[in-house]
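Colleague: Hi! Could you walk me through how the pieces of this one pack together?

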Amino acid sequence: MSSSGHILVFPFPAQGHMLPLLDLTHQLSLRGLTITILITPKNLPILTPLLSSSPSIQTLILPFPDHPSLPPGVENVKDIGNHGNIPIMAALTKLQHPIIQWFNSHPNPPVALLSEFFLGWTHHLATHLQIPRIAFYSVGAFTAATFNHLWSNYDSLKPGIDVEFDELPRTPIFPWDHLPSLFRRCKDLECTDKNDADFIKTSMAANALSWASVFNSFWPLEDQFLEFLRLKQGHPRVYSVGPLNLVAGSGQLRAGDSKCDSDDGVISWLDGCEDGSVLYVCFGSQKWLKSAQAEALAIGLETSGVRFVWVIKTLSAQQVADGYGSVPDGFETRVSGRGFVLKGWAPQTAILSHRAVGGFLSHCGWNSVLEAMTAGVMILGWPMEADQFANARLLVEYKGAAALVCEGADTVPDSAELARKLKEAMHGGDAATPRSRAKELCKQASEAVNNGGSSMGDLDRLVQQVSQLKAVKNV
């Protein structure tokens, strides 16, 4: 391999951000690029499946830097929760000097830096190294377009006021509480820690300056927003290469999928259900329900009459003390035979792709959205934070492949109303349109990642562009 094909990959240490970037890294390696992945020691096990399948991939292991807001030993968002995003982002900036030292001493230094969009500050690092920075987005193009608008208009936007995205397709308007959590948190920090606020603002705004942008999405799902970003950024290097979870070989790269053999009997239970009759309920790896929310959902599921699989995370003693809840006492007995409660980890891909599953009650996180779309399952949305409100709008209003049943991280749904919505979605005539649109998007997603598809075409063009880059003298 010539020096023109070496890239440094820098993931953000959160499960939902890392896994799709590792899927992309695998595809780039298969296409002949030389890869080095920057990783910290406690995150190294996440790479094990990828390194086993692609032994040519190298690692750059650097100690995780200290930060006053992070407990000792924390190196991944899953170990602290979403409130750890900002201190982890800030801590990782301290790796700039070690990266420069490694780059200067490397006999074949990278010709490009591929980093997650939560690491926007790496654009300035790449500029210092005199190499282009490629931004990888673990969110959709719609969310990225809203983010770019928010950061570029940051000073004029006031907390509590609805935001009109007048330059975006469809000119969407979002209430303040529906804007991405990171942006609202940054605004809050202006009053308590202006240095952190300035860092986040500068770092995230830098994403729009990237030499190229890569999305885990597909053109039929987000064509108008991908095209908008190309026009806005003034170059064609906006690539949509997903859904990466659908690309051949991706499933084997996810360490968690090794648990698929122990599914606690849920797949066997689904085998006994009619096609499309089961509602899958799961709110992602980082979201816990408060006690009142869990109770309302349980009553809604029980009185709706629908068959369901409910994945509910195991709570620590501290989480129970903090007011988070699980299934109410006696609930599992009352729904026995019609409902299956799965505590802890769940084989989500296997469940969604099962013929019996016809709906997915979801927080609308981007990875869950893509998994639902690739399985052809309609989403019943309960967006709560981050990019989830934008994802819900994309699916419900723009694509007609989902229905909204609740909104808000702290909202306690009315159980009777929730039961009605779940029953109508799973058994009513109004469900025909979102179900058919979800199946249509499933077909389009599959076509996108097949030979000759739009995602494979974008992936090949990305590799071609990177291969044409030339190594620079060490800085």
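Modeller: Happy to! First a term: contact means heavy atoms within 4.5 Å. Helices (H or I, at least four residues) and strands (E, at least two) are DSSP runs, numbered from the N terminus. This is a predicted model, where local features need pLDDT of at least 70, side-chain atom pairs count only at pLDDT 80 or more, and totals for chains, interfaces and linings use all residues. Residues are numbered from 1 along each chain as its sequence is written, and side-chain values use heavy atoms, with hydrogens and water left out.

Colleague: Thanks! Which strands does H16 lie across?

Modeller: H16 lies across strand S14 (378-381) and S15, at about 115° to S15. Axes are lines fitted to C-alpha atoms, for helices over the stretch in contact, and angles run from 0 to 180 degrees between N-to-C directions.

Colleague: And what is the strand order in the open sheet?

Modeller: The order is S12-S11-S10-S13-S14-S15, with parallel pairing. Two strands pair if DSSP finds at least two bridges between them. At the edges sit S12 (339-343) and S15 (402-404), each pairing on one side only.

Colleague: How many bridges join S10 to S11?

Modeller: Four. One detail there: Val278 has Arg307 in S11 as its bridge partner.

Colleague: Back to helices. At what angle do H15 and H16 pack?

Modeller: About 25°, with axes 10 Å apart. They are therefore roughly parallel (angles under 35 degrees count as that).

Colleague: Which residues of H15 and H16 meet?

Modeller: Trp366, Val369 and Met373 in H15 meet Asn391, Leu394 and Leu395 in H16.

Conventions. Parallel < 35°, antiparallel > 145°, perpendicular 65-115°, else oblique.
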